[in-house]
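I opened the notebook to record what I looked up in this model, strand by strand and then helix by helix.

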Amino acid sequence: MSLPKQLRDESDFDQLPDDVAVSANVADIEEKKGFSNYYVFVIEVKTKGGGRYMIFRRYRQFYNLHSKLEERYGAESKNSRFTCTLPVLPGKVYVGAKREIADSRIPVLNMYMKKLLSLPAWLLLDEDVRLFFYQSVFDSEQTPQGLRRLRPRTRRHKSISPQEPDFDRMAAARAEALFDFTGSTKLELSFKKGDLIYLLSKVNKDWLEGTVRDATGIFPSAFVNIIKELPKEEDAINCLRCFYHEDNVSTVRDISVEEDLCSIPLFQDLMELVRQEFGREDIVLNYRDAEGDMIRLLADEDVVLMVMQGKSCLSEKHIFPWQLHVTQEEDYSVYTVTGS
């Protein structure tokens, strides 16, 4: 029996498409308000063709990917003729402060991604691997909140030249420098007091990205006076619509969460989120199935079924296609169906 193959051949690498991820590093961690508060890893991905972008992944997404790869390609797998020794991914941690746990995972996940992306080309072309490192619409809508290890998000424009014939000075977002600023790294834009800076993007609440004299970089927003604001970015926050039923009266409430509309939450996370929102412990969650019948949620499997059914429903923008009906534990009136 041949040993599992570990490293890809250079000739295999040459055959890879340009959009395949070949390196990835955690740039930062961020706390998100989702179905439960959680941390995501902000990851800078580089592709074979030289592309660079940011993706946002939870640890559970790493864990799910690794589980699939172990089953499919692990050294002991009998599901494929292709096998390899996958890098080690540490197990889930259930005790401890979430931020400290996420921080401690950064070097481990960096090593995991480095080893994973050095494996044979056929593994890099696996659908789940490609989806994991692919920049989704949700990823592209996110704005990094800090600069601890973070480069600014991928620029759509390297520079703006006022000398270009179609450049509109009056329409362009711009700012005037209030003070001199000398960048401490090659990522930061240096300028002098009085310089006119054309704005490209808002990195976070304290930093902007702009261009002056054919140089592009980031700089503190406190150092400039905004003459014309950047266009407002569309809010990436999504809403979970809840119908609250009590005493024969129904009210509607939308709960804001920073989750992809394709997310499948855990049952306990949904319960905790709704309990906090309505300030009650004696509630249960329900949904209407495709036939219009009310179904009570009791476990993760019920949530998966609800989400899968919701994918076929039309929904407003930034509203989850599945909806919750919130009732008290002993209230079964919403299940009453009046025959014609």
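Which residue in β5 does Arg174 stand opposite? I found that Arg174 stands opposite Tyr198 in β5. The model is a predicted one, in which local features need pLDDT of at least 70, side-chain atom pairs count only at pLDDT 80 or more, and totals for chains, interfaces and linings use all residues. Residues are numbered from 1 along each chain as its sequence is written, and side-chain values use heavy atoms, with hydrogens and water left out.

I read helices (H or I, at least four residues) and strands (E, at least two) as DSSP runs, numbered from the N terminus, and I took two strands as paired if DSSP finds at least two bridges between them. Strand β4 (residues 174-177) pairs with strand β5 (residues 196-202) in the antiparallel sense over 3 bridges. β4 is also joined by 4 bridges to strand β8 (residues 224-228), again running antiparallel, and there Ala175 has Ile226 as its bridge partner.

I then turned to strand β1 (residues 21-33), which pairs with β2 in the antiparallel sense over 11 bridges, and whose hairpin to β2 passes through 3 residues. Asn25 stands opposite Glu44 in β2. Strand β2 (residues 37-47) also pairs with strand β3 (residues 52-57), antiparallel over 6 bridges, with Lys46 opposite Arg52 in β3. β2 is mostly covered, as 9 of its 11 residues are buried, where buried means under 20% relative accessible area, exposed over 50%, and partly exposed in between (1.4 Å probe, protein chains only).

**Helix α7.** I checked the length of helix α7 (residues 267-278): at 1.5 Å a residue its 12 residues should span 16 Å, and the end C-alpha atoms are 17 Å apart, which agrees; the expected span is 1.5 Å times one less than the number of residues. The buried residues of α7 are Phe267, Asp269, Leu270, Met271, Leu273, Val274 and Phe278. Among the elements that cover these buried residues are α2 (59-73), β9 (238-246) and α8, with contact meaning heavy atoms within 4.5 Å. Just after α7, Gly279 takes a positive phi of about 65 degrees.

**Helix α8.** Last, I looked up Met308, which lies in helix α8 (residues 300-310) and is partly exposed, with a relative accessible area of 43%.
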